[in-house]
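Welcome! Please take a moment to look over the sequence and the 3D structure below before reading on.

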Amino acid sequence: MTLVLFFATQSDVFLTSRNLNNLLIQSTVTGIIALGLVFVLLVGEIDLSVAAISGVASVLMAMLVVDSELPIPLAIAVGVAAGVAIGAVSGRWITLLGVPSFVVTLGVGLVLNGVQLIILPNTGRYNLLNTGVEKLASTNVSGFTAWLLVMAGIALFALARATSTRARFRAGLPASMAGGVVVPVAVVAALLIATLMFLENLRGLPMPVILFISLLGVMSYISSETRFGLYLYAIGNNAEAARRAGIKVERIKIMAFAIAGGMAAFGGILSASRILGVSVSSGGGVGGGALLLESIAAAVIGGVSLFGGRGHVVGALFGALIIATVSNGLNLMGVANEARLIVTGLLLVIAVSIDRGIERIAAPGR
Amino acid sequence: MGADLQGRRRRANLQGQHVGFNKKSFCRRLFQQGAGFSIIDRMSLPILSLKGIYKSFGGVKALVDVSLDLVPGEVVALVGDNGAGKSTLVKIMAGVLRPDQGKYFFEGSESVVHGPAEASAMGVQTVYQDLALCNNLDAVQNLFLGREVTGPWWNGFRISRAECEKRAKGVLKRMRLDSISLNRHVGAMSGGQRQNIAIARSILWEPKVVLLDEPTAALSHAAAEQVGILVRELAGHGMAVLVISHDIHNFVLENSDRIEVLRLGRNQASFSSSEATGEQVVNSMVGGQKSRNLSG
C-alpha cells in the first residue's frame, strides 16, 4: 500500500490503468512460479531449480510446436508434465537419500540449464510469433464473458464458504453467517470486481491474470481444505509427528516438488508466450538469475516461512505484486537497473528477517 | 477407593495363571499378596501381557526376562532409575521395537507386532514424551492428524472440519477436558494443555491400552495433577493404562493401582500403590536391600 502511494506521487504514469495492467501481467510469471514454490516451502524444503524448469519446459514446448508441429494444447501439456516429472524426480531423490533439497535442486537446475542448451537449435532460439502460442498471453477477455468468469469465481468461493458454515450449524457448533460467509465473500467479490472494472477500461481481463487467479483459487483450496494441504503444514512444523500420525511424509514431499515443477513449467510457457519466443535466457538464464530469486522472494515477502509450516498460497500473489510494483515503479522513476537490484535484494533480506522475528515471537527458545 | 484398588490389584496379580504361567513372577506375587490371596471376587484377564522379554542393543542388555501384565481398568506405573529399560519396554509394547526373545500376548492370544501402526490398529496407543504435536495446527487438527474425516468425492475431497470438531468436542467432554479451546494453535498452549491434547488424541479411537511415557516430566504440580485425574479417568473408562513416571510421591502413589519396578533391565519389584510407601518404591528402584527382601 505504502509502495503504491509512494510511486503514485513519484510518477503520474504509475496509476494509469495501462500501467497497472502491465504491472499485473508482469507479476503473473513470477507469481505462478512462486505459487508452486509455496508448497515446497511449506514442507520446509526449497526448490532452486524452478527457474531452470520453467526454461526447459518452455523450450520443450516451443520445440514441439515449431519442429514437431504438435497441437499447441498438447505441447503445453507435455511441457507441464515434464515440469511435474522433474519436480517429482528431485523430490524422490531428496526423500530417498535425505540429501538437502538446497543442494539437489541447485544441481538439477544446472543440469536443466545444460539440457535447455542442447534442445535449442543452433540459432539459439525458437520464434513463437504467429504459431498461435502467443495467444495464451495476449488474449483479453472482456464484456459479458469477463463478467461471467468473475461471477463464477465469486459463486464458487461463496459455495465453499456456505457449505462449511452450514456443516458447522448442523453439527451444533458455534458458527456465524456474517463471519463465515458474508464478510469473506464480500471481500473477495469486491477485489475481483474492482480488478475487472479497472481492466475493463482498457482491453478486458488479460489471459495471464485470469490463469494466475484461477490457479491461485485452486491451490488455495488444496492447501486449506484437503488432507494433502493440511499434511504440508504438519510436515513443515514437525515431520516426525506427522510420520508417527501415519502420514506418508515422503510421498507428500514428492507431490509438493511435483506441483512446484508443474507450476514452474507453466509459468515458463506463459513467459515464452508473452515474449514471443524462447532462447538461452528463458528461465532466467544459467543459474536461474533474477527469475529464481524473484520467485523465492515473492513467496517469502508474501509471508511464507523458509523454515516450513507457515504461510499461505495467497502470499505468492502479494509477494509477486510487491516485487513487480517495486521494479515497475523504480523503472518509471527512471532509476537505473543497478539501484533496482539493490532495492529488490534489500526487500528480500528484510522480509526474511521479519519472518525470523515472527518465528522467535511465536515459539521462543526454539 | 481403597477397596476398589485392592480388588483391581488382586485381579492384576492373578492373571499369571491364565495366560502363560510364569513361575517366577507368579511366586513373587503370591508372596506379596499374602493373606489377601484367597479372597477372589472377580477375575479379569490381562489385555496385554509380556512374558520373559529379552532385548539387547549390541552388547548392552536392555531387558532381561521381563514380564508385565496390563489389565483393563487398572493404572500401572512403570518406575525405575535411568537406563532401567522402561522406555525400551514401552517401545516393545508400542510395536516400535521387536523383542529378541519372549512372548507378547494381546487379548489372550500370542501376537507379533510388526510396527507402531499395527499396535495402534490393535488398540494399543502410545503418548510419547515429546508429544508429537504440530505447533502450527490447532487442537482439532492435531487430534485428527492422519485420520481426518473426509466427505464423499463430490464434496471435493474436503476435510469435514465440522464433523471432526464435533467428535473432538465429545471426546474432550467425556474426559472432562472441555476447557481446552479447540481452535487455538497448540503452540500457544501451556505444557499441561499440550499433554492433555496428546492424551486425548490417543484415546480418540477408543483404544484398549494406553501407554504414557513420562506425561508429567515437564509439568507444574497443578498441571501434573490434571494429568493424574485424566489418567484415572481413562482407567475408569475400562482402558488398561501404563504410565512411566519419576514422580513417585506426587504422581505414582496418588494415581496408579500397581507399581512395577524395573532395575537394570529386570523385574525388581511389584507394589500395590495403596500399600506401598514412597520410600519402599525408591529403595527398590535403586536396589536397596530392604525392598528386595520385602518383595521377595
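This is a predicted model: local features need pLDDT of at least 70, side-chain atom pairs count only at pLDDT 80 or more; totals for chains, interfaces and linings use all residues.

At the interface, 25 residues of chain A are in contact with 25 residues of chain B. In chain B you can look for an open sheet of four strands and another open sheet of six strands.

- Three residues, Arg227(A), Leu230(A) and Arg244(A), supply 27% of the area that chain A buries against chain B, which is more than any other three residues.
- Four salt bridges are found across the interface of chain A and chain B.
- Arg227(A) forms a salt bridge with Glu148(B), and their closest N and O atoms are 3.4 Å apart.
- On the side of chain A that touches chain B, the elements giving two or more residues are α7 (143-170), α9 (207-225), α10 (227-237) and α11 (239-244) of chain A.
- With six residues, α10(A) gives the most to that side.
- The residues on that side of chain A comprise 14 nonpolar, six polar and five charged.

**The four-stranded sheet of chain B**

- Its strands follow the order β2-β1-β4-β5, and the pairing is antiparallel.
- At the edges are β2 (60-70) and β5 (109-110) of chain B, each of which pairs on one side only.
- Strand β4 (residues 101-106) of chain B is joined to β5(B) by two bridges, and Phe105(B) stands opposite Glu110(B) in β5(B).
- Helix α3 (residues 86-93) of chain B lies across β1 (48-57), β2 and β4 of chain B, at about 60° to β2(B).

**The six-stranded sheet of chain B**

- Here the order is β6-β7-β8-β3-β9-β10, with mixed pairing.
- The edge strands are β6 (124-127) and β10 (266-272) of chain B.
- On average, neighbouring strands of this sheet are turned by 20° against each other, direction ignored.
- Four bridges link β3 (residues 75-80) and β8 (residues 240-244) of chain B, which run parallel; Ala77(B) has Val243(B) as its bridge partner in β8(B).
- Helix α7 (residues 191-203) of chain B packs on the sheet and touches β6 and β7 (209-213) of chain B, with its direction at about 170° to that of β6(B).
- Helix α8 (residues 221-236) of chain B also packs on the sheet, touching β3, β7 and β8 of chain B, and its direction makes about 155° with that of β8(B).

Notes: Residues are numbered from 1 along each chain as its sequence is written. Chains are lettered from A and ligands numbered from 1 in the order in which they are written. Side-chain values use heavy atoms; hydrogens and water are left out. Contact means heavy atoms within 4.5 Å. Buried area is the accessible area (1.4 Å probe) that two parts lose on being put together, summed over both. A salt bridge is a side-chain nitrogen of Lys or Arg within 4 Å of a carboxyl oxygen of Asp or Glu. Ala, Val, Leu, Ile, Met, Phe, Trp, Tyr, Cys and Pro count as nonpolar, Asp, Glu, Lys and Arg as charged, and the others, Gly among them, as polar. Two strands pair if DSSP finds at least two bridges between them. Axes are lines fitted to C-alpha atoms, for helices over the stretch in contact, and angles run from 0 to 180 degrees between N-to-C directions.
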